[in-house]
Amino acid sequence: MAIKRVILHFGMAKAGSSSIQRTLFKNAAALEKNGFKYLSEWEENHLIKFKYLFSQYPVSPANTGHLGRPLPNKKRHIKKAIDAMVQVMDTSTECETLILSGEYSAELWLDSTIDNIKKFISKYFQSKDIEVTIVYFARNPLTWIISFLQQRLFKDGFMNKNGDFFESAMKQYDGIINLHKNFSDSLILLKFEDACLSEDGLVGYFLRAIGFSKDRLKDIDVFRENESRCMEVMEFINYVEAVEPRHPCEHYRSVNPNRFTDDFHCVKNIRGVKFDLPYQSKVEFWERFRKTVCRLRENTGIDYTDYEVPPSSAEGETYSEQTIQEFIKVFPDLSFILQKHFLKFFEKKYMETAQTRFKRLHCKGSVPWAIYNSKNKLLSLWSLRIRNKRNNLKKVIGERMPRTIKTALKRVIYGG
């Protein structure tokens with residue numbers, strides 16, 4: 001057996017894990033030439049497999065409608081995953097390093113999870129004299145929480161309004177401390193911010209940390225998963241979620257029939273002011289983070305105590321002419337319901353700036369100027385939507401009405 005070393009990359013979430021996983025998955029051949037094998041038999045992201053193996057209360061994968069429920073046939077899933085891994089270890093003759101990667105950071109603070117990881121390592125790796133290295137990226141709590149809130153709103157359609165997400169989210173920093181406490185000899189703990197500033201990039205920083213040759217990085221085609229959204233897009237999403245929530249009554253398993261999973265997909269690339277929280281909100285968050293940051297420094301050596309809260313980008317000028325034109329371009333790709341809310345949203349924006357508009361029309365690039373000059377195009381979108389609605393109505397009448405009354409009804413409605 002050629003495998004002599006196993007890399008377990010546990011995260012954290014929102015710290016470049018998706019870019020690392022996609023790059024390793026897509027560059028399997030280049031990695032194998034250099035003695036590294038990514039366990040692609042476990043899909044691109046190994047998070048679900050880690051849950052099968054380590055979690056005391058595993059749940060079904062996301063978007064299956066079974067979140068929070070016990071995993072059916074757990075033993076069968078675990079056996080299938082283990083068999084696939086062992087087969088790779090037994091048949092890989094060219095590679096010495098096996099890589100497993102999944103942003104499994106939410107439950108590392110539990111001693112039961114750590115015990116399961118220890119048993120897994122002992123049974124399948126240490127018993128075969130295979131060296132195990134755990135890699136973990138730590139990220140500044142403030143920038144992490146901003147990214148986390150953005151993802152929850154964009155992907156899941158809601159943020160916990162009661163703020164109870166905060167304590168559970170902060171548990172993953174307890175997980176870093178717990179991981180360091182139990183695996184300090186085999187743990188490589190990296191700062192996400194250092195990786196972003198590295199000349200090799202985040203993925204290159206990760207590969208260099210696990211022993212990949214710097215000279216061979218040029219052979220790797222790096223994929224960057226940029227999940228950041230602009231402030232204007234997030235305001236639009238927040239408006240829609242307030243009037244047409246994807247999950248009514250804040251119940252994750254209840255789905256609004258007027259909405260679907262990827263209905264905001266077309267607006268994700270709109271350019272504008274970077275999403276951020278108001279400065280005062282960031283200051284309040286940071287005060288809540290202080291104890292966590294101090295404990296992180298004392299127990300792991302990762303130091304964020306000298307971080308200064310920056311001004312908020314949300315306080316800058318938003319809704320430039322370019323941003324609004326990009327909104328208008330994606331209008332036809334929105335669902336019928338979102339088109340309706342899109343028009344109401346910009347009508348509301350237009351009315352909010354009505355008084356200022358007449359004072360600042362000469363100021364090209366201002367919010368009122370952009371919205372005022374887009375008014376005619378927004379009215380054209382209203383006309384387009386009405387025309388689409390009329391065509392859809394004609395189609396429904398043509399398909400569903402009995403032929404005996406169809407002609408008479410058309411004459412009444414359309415004057416034909």
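This is a short walk through one predicted chain, from the overall fold to a few single residues.

Some ground rules. The model is predicted, so local features need pLDDT of at least 70 and side-chain atom pairs count only at pLDDT 80 or more, while totals for chains, interfaces and linings use all residues. Residues are numbered from 1 along each chain as its sequence is written, and side-chain values use heavy atoms, with hydrogens and water left out.

The overall picture comes next. The chain has 17 helices and five strands. Helices (H or I, at least four residues) and strands (E, at least two) are DSSP runs, numbered from the N terminus. Of the 416 residues, 46% count as buried. Buried means under 20% relative accessible area, with a 1.4 Å probe and protein chains only. Now contacts, meaning heavy atoms within 4.5 Å. Take those between residues at least 6 apart in sequence: 76% join residues at least 24 apart.

On to the core. A nonpolar core is a set of buried Ala, Val, Leu, Ile, Met, Phe, Trp, Tyr and Cys residues joined through side-chain atoms within 4.5 Å. The largest one has 106 residues. Which of its members touch the most others? F10, M85, F125 and L207. Leaving aside neighbours within four places in sequence, L207 is in contact with L24, L31, F212, L217 and I220.

Now a helix pair. The axes of α6 (residues 141-156) and α11 (residues 279-300) come within 9 Å and cross at roughly 125°. Axes are lines fitted to C-alpha atoms, for helices over the stretch in contact, and angles run from 0 to 180 degrees between N-to-C directions. So α6 and α11 are oblique to each other; oblique is what remains after under 35 degrees (roughly parallel), over 145 (roughly antiparallel) and 65 to 115 (roughly perpendicular). On the α6 side, P141, L142, I145 and I146 take part; they meet K282, F285, W286, F289 and V293 of α11.

Helix α12 (residues 321-330) is another case. Seven of its 10 residues are buried, so α12 is largely enclosed by the rest of the structure. Among the buried ones are T323, Q325 and E326.

K14 sits between β1 (5-9) and α1 (17-26). Is K14 buried or exposed? Buried, because its relative accessibility is 15%. Beyond residues up to four places away in sequence, K14 touches R139, W144, S147, Q151 and E227. D276 lies in the loop between α10 (231-243) and α11. D276 counts as buried too, at 9% relative accessibility. Its C-alpha atom is 9.7 Å from that of M234, 42 residues away along the chain.

How values were computed
Buried < 20%, exposed > 50% of the residue type's maximum accessible area, 1.4 Å probe, protein only.
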